Amino acid sequence: RISGNERLAIGVPSHGRPGAQAKATAGLFIEVFPLLGEVNDDDTFLSLYQKLAQHTQELLINAEPGVSDFEHSRAFDVVLNYITAAFGDFSGMAMQSEWVHPDHGDRNHLLRLQVHDFDQAGELGLYVDLNTDAFVGEEKQRVAEHLLRLVDALLAEPEKRIVDVPLVAGDSLRWLIETLNATPDEGPVIASVIDMFASQATATPESVALVCRGRSVTYDELARDVDRLSSWLVTQGAGPGTRIAIAMTRSIEAVTAVLAIMKSGSAFVPIDPDYPGERIRWIIEDTDAPLVLTQVAQRGKLPDGKARVVEIDAWLNSEKEEAVDAEQHSVSLSDAAYVIYTSGSTGKPNGVIVHHYGLANYIAWCRKYYLQGSTLDFPLFSSMAFDLTVTSLLLPLVSGGRLVIYDETDSDQEFTVRRVIEDNAVDIIKLTPAHLSLIHAMDFSSSGLKKIVVGGEDFKSDLAATISRYFDDRIE
């Protein structure tokens, strides 16, 4: 129920003494064999029992002494040990058997369920052994809690579907639903993200806003470039209702372009320049974008079309464009902020319009919930056309933090994620579970990361626990 796995192999110890001679021989003969089980959504406790009865019979037939080895015994992280020892009288004196736990386990078994029925007393005792390196905090209590809820359901209604049994109830359920989801009403959003940035630039003009390839840009310098580019865009027809495409790799110029387009009143449309030409053409035509902002190095990847292509890195570095004077449009929260396109894996990509109100509401919430009054530095390492990028790009710039930009590399994702961790230049990172899986087995002992924000895909609790342990539980 917790892992989501339908097919399980649980280690089951065998005493390894099939005959009288083996039973009379001193020594340890125990071997661990796999008990296979398959649990489907339609399985009831009764139907699962019937399947397991067959698997158990196969186990007893095939688990002959000596067919396993040490490595096989180490292959299980979950073990079920059913002990029915009965010793009888001890030289005529009555005896009672008692299991004494050694308070020790082995690191290979993460969970062991010991089920005891000594001296044929007919009373089952359940002992749950947990590897405390794998189960931390409240997890240790939840394992037993979940197990007991399933056992209660089994006793009450054997024909109940296992997937229908609630593992969480009572105070735990109220905590999960009410406490964790309690979101106070913060009141209406009154400022767009571009207005938030402008306020931050006024408050901390000399603070570093962007870092890329050893180059630093202050908030004041960034705000000036944003104003200059935004004014020029207005002279080219930018304004509310207009969409301007950005086909750029991660760079200072790309961040400037995003902010300038929003300030002009237009919506930006991020496009990965490595997309196939036909897909790029489709997005540009679908948005009816009159302008495509790109870089000199990316110009050759763009297909020909009606839209005018501007190499924005060359434009920003051109002295003749220094003075641009145009009346800026005021940004309304009801205007579109950007248009993001789906992957198009099931056909043509579809555009989703995100308005300033929704974006501002989200970024304001992130600023309060993720930062909690602190100023944190973020990395920009994912594609400009990836919706996850929006948070990492905008949140530091409305809160006084630095945006550390990692430009594209040949080995991209895994290499870049590792670079971000190893550089130790940021405080917080936003990732998908797939990103997290790339950094397994890295040394995080000297990492300065304070927080990891994970989303976008199904996030398993065991992966979260593993990453937390890598950071010695110092990470939020």
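**Close-up views of a predicted model**

**Figure 1. Lining of the second largest pocket.** By class, ten nonpolar, two polar and three charged residues make up the lining of the second largest pocket. The structure shown is a predicted model. The volume of this second largest pocket is about 400 Å³. Its lining counts 15 residues, and those nearest the pocket centre are Lys451, Ile452, Val453, Val454 and Glu476. Two or more lining residues come from each of α11 (356-371), β17 and α15. The largest contribution is that of β17, which gives four residues.

**Figure 2. A stacked ring pair, phenylalanine 268 and tyrosine 338.** A pair of aromatic rings is described by the distance of the centres and the angle of the planes. The model has nine aromatic pairs. In the pair of phenylalanine 268 and tyrosine 338, the ring centres are 5.2 Å apart and the planes stand at 20°; the pair is stacked because planes under 30 degrees apart count as such. Phenylalanine 268 belongs to strand β9 (residues 267-270) and tyrosine 338 to strand β12 (residues 336-341), so the pair ties together parts that are 70 residues apart in sequence. Phenylalanine 268 and tyrosine 338 are both buried.

**Figure 3. A tilted ring pair, phenylalanine 444 and phenylalanine 471.** Here the ring centres lie 4.3 Å apart and the planes are at 35°, so the pair is tilted. Phenylalanine 444 is in the loop between α14 (433-437) and β17 (451-454), while phenylalanine 471 is in the segment after α15 (461-470); the pair thus links distant parts of the chain, 27 residues apart.

Figure 4. Trp365, Tyr369 and Tyr370 form a cluster linked by ring pairs. Elsewhere, a charge meets a ring: the charged end of arginine 279 sits over the ring of tyrosine 275, at 3.9 Å from the ring centre.

**Figure 5. The hairpin of β6 and β7.** Strand β6 (residues 208-212) pairs with strand β7 (residues 215-218) in the antiparallel sense, and four bridges join them. Which residue of β7 is the bridge partner of valine 208? The partner is threonine 218. Two residues lie between the strands of this hairpin, and arginine 213 takes a positive phi near 50°. In a regular strand the side chains alternate between the two faces of the sheet.

Technical notes:
Residues numbered from 1 in each chain as written. Predicted model: local features only at pLDDT ≥ 70, side-chain atom pairs only at ≥ 80, totals over all residues. Heavy atoms only, no water. Phe/Tyr/Trp six-rings, centres within 6.5 Å; stacked < 30°, edge-to-face > 60°. Buried < 20%, exposed > 50% of the residue type's maximum accessible area, 1.4 Å probe, protein only. Lys NZ or Arg CZ within 6 Å of the ring centre and 35° of its normal. 1 Å grid on protein atoms, 1.4 Å probe; cavity = no way out; pocket = protein on both sides within 12 Å on 5 of 7 lines; lining within 4 Å. Points joined across faces, edges and corners; volume = space filled by probe spheres on them. Nonpolar A, V, L, I, M, F, W, Y, C, P; charged D, E, K, R; others polar. Pairing = 2+ DSSP bridges.
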